[in-house]
Amino acid sequence: MDYIIPLVLLTYTSIMALLSLESRSLVYGAISLAGFFIGLSLFFFLLNLPYLGVFQLLVYVGAISVLILFAVMVIGEHQKAGEVRRFRAFGLVGGLLLALAMAFAGIILLMSFLDVSFAPLYSVLVYVAPVVVLITFVVLFVGEPKGRSHYRYRAFGVLGAALIFGSFTGVFSYLGGLNAFSGEVPFDVGRLADFVMNNYGFLMVVLGLLLASAAYGAVALAKKEKEEEEEER
Amino acid sequence: MASSTRRDFFKALLAGVAIALLIGVALDVVLLYRPLLDVLSYLFTNPSLILIHPLFMVLIFPGLGFVGIVAVLAIWGERKFAAKVQNRVGPLYAGALPGGILQPIADLLKLLFKEIIIPKDSDRLVFVMAPVAAFLMGAAPVALVPYSPSYVIFDFPLSLLLFFVFTGFFPMVLLLAGWSSNNKFSFIGGLRALYQQASYEIPMFLSALSAVMLAKSFSLMDIAKAQTGVWFIVLAPISAVVFFTAVLAELEKFPFEIPEAESEIVAGWMTEYSGMTYGLYWFGIYVKLVAFSGLFAVLFLGGWNGPLIPAPWWMIIKVGVVATLIISTRAFFPRIRIDQLISAGWTKLIPLALFNILILVALQPWLVRLLS
């Protein structure tokens, strides 16, 4: 029964990621992106990495998604809320391919949890999937974007992306199953801080200064613009 | 003809209610089968064990029942207190109890039976889901606040961060609510909620960080345990004040009641909401008030620590005091403008919170001896 939760999560996360790319309404896309980030953070919780999961939620959902939504609403589409169109882009082909990809990813996950060796399958995936995606992108950008064939190419690309996502998730779940699922991982913020500050203290300080100066630079840029506007008046 | 269609409609309605009830009962039986059996067995063997059972905690003491009662009392107290200060009477009589204390219950019943109107040009899905999400985001942090070493619903080593995760979602939900209503007042209210978040969230994190520094843990349980000797409001008073101000802004209480300024933009992001969707927003906000009162009590007022009376009672008293302080601001302060709040947040609250952190860093050797 252990594989049911990762499988459901994987399905949810993939669907959210696809919706964030494919939805016609930018606002729905932003909401789906937030849902995708939530799914990703739940994966971190599943892999016994609560610190990473909480920060994923705090930064990506609490800040970045909100900022994206904010930007979309303030400067983006001048579209009324009621005029949101359905996702016709996908169609039947895309849905079928998506279902296939999901089933494939699920099989990989199942194999990883049942301790079946899937190394040959994995290597095939790793070599095949990028080629599929590469061809798809070439076709997408070279080919004429019109008619139903365009959507078929897109569905092809989506399939490639889902294959990569599924294979990597399967591999990570497998690797995680070796370490994280087996037992209690000691979890202590103080020890984490000791580790980071003792080994990477100087780098942390440099990074912090860099980020702080970036923030101040952004503020200075915004400020200067306003002053110039006043001068122009 | 009309009567038969009406009868059909009622039949369909009854069938729908019955199916929903059946599904609900089935879910409850599946989810609560073991805990209910445990509680029933304790009833005959050792009734005192019921009081620390997780089901009791979720449904009654730190959970739903307690929070609901405090929220209802806070709604009543806010109206009554503001009325007394402004030389009015306030809610006077509703039912048998004196002082109109049942008025929130009457309001709730009224909202339950009112029609939910969904505007024609609104985005229906988001419009209906936003109040539910707002209530969930308001109620989830309640589970993280410890009321005594045993009375906590969800004990987690990063519970303070998780608390901020849940409250950080809230303005996004409000923005979506304002956008989906397709009304200029709602949209302005949602944008104001987001601007407000941008101004108060960083001071809130920074001021909570001083408690984390003193307790050396992100867990609210550890932070409360670290205050057995001295409360953190004594060691970090500036942070406590900054945090309280940020909480007022987070709860949209009075000096910062900017997103739903009723004299400017009707009711802000909830202009288009009616019936129980409106009620869910109100109840969510007051449940969040209880959660934040608990958080303030745990971070700065020593949590459950106190002399004479047992642990959860001290926490209940502190939650009551902090909630009273928060809702009493309605009677005392005017509403400030959004740009005033943003400039106050970025130019005054953030430096103040950083200043207190610097003081704590400077006093570190002395504090280590004091707290050990």
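**Close-up views of chains A and B**

**View 1. The contact between the two chains.** In this predicted model, 26 residues from chain A and 27 residues from chain B make up the contact. Together, chain A and chain B bury about 2,200 Å² between them, and 84% of that area lies on carbon and sulfur atoms.

**View 2. The side of chain A that touches chain B.** Two elements of chain A give two or more residues to this side: helix H2 (26-46) and helix H3 (50-75). Of these, H3(A) gives the most, with 14 residues. By residue type, the side of chain A that touches chain B divides into 22 nonpolar, three polar and one charged.

**View 3. A helix pair within chain B.** Here we turn to helix H7 (residues 184-215) and helix H13 (residues 338-362), both of chain B. Their axes lie 9 Å apart, and the two helices pack at an angle of about 10°. Angles under 35 degrees count as roughly parallel, so H7(B) and H13(B) are roughly parallel to each other. Where H7(B) meets H13(B), the residues of the contact comprise 19 nonpolar, five polar and one charged.

Note on methods:
Residues are numbered from 1 along each chain as its sequence is written. Chains are lettered from A and ligands numbered from 1 in the order in which they are written. This is a predicted model: local features need pLDDT of at least 70, side-chain atom pairs count only at pLDDT 80 or more; totals for chains, interfaces and linings use all residues. Side-chain values use heavy atoms; hydrogens and water are left out. Axes are lines fitted to C-alpha atoms, for helices over the stretch in contact, and angles run from 0 to 180 degrees between N-to-C directions. Helices (H or I, at least four residues) and strands (E, at least two) are DSSP runs, numbered from the N terminus. Angles under 35 degrees count as roughly parallel, over 145 as roughly antiparallel, 65 to 115 as roughly perpendicular and the rest as oblique. Ala, Val, Leu, Ile, Met, Phe, Trp, Tyr, Cys and Pro count as nonpolar, Asp, Glu, Lys and Arg as charged, and the others, Gly among them, as polar. Contact means heavy atoms within 4.5 Å. Buried area is the accessible area (1.4 Å probe) that two parts lose on being put together, summed over both.
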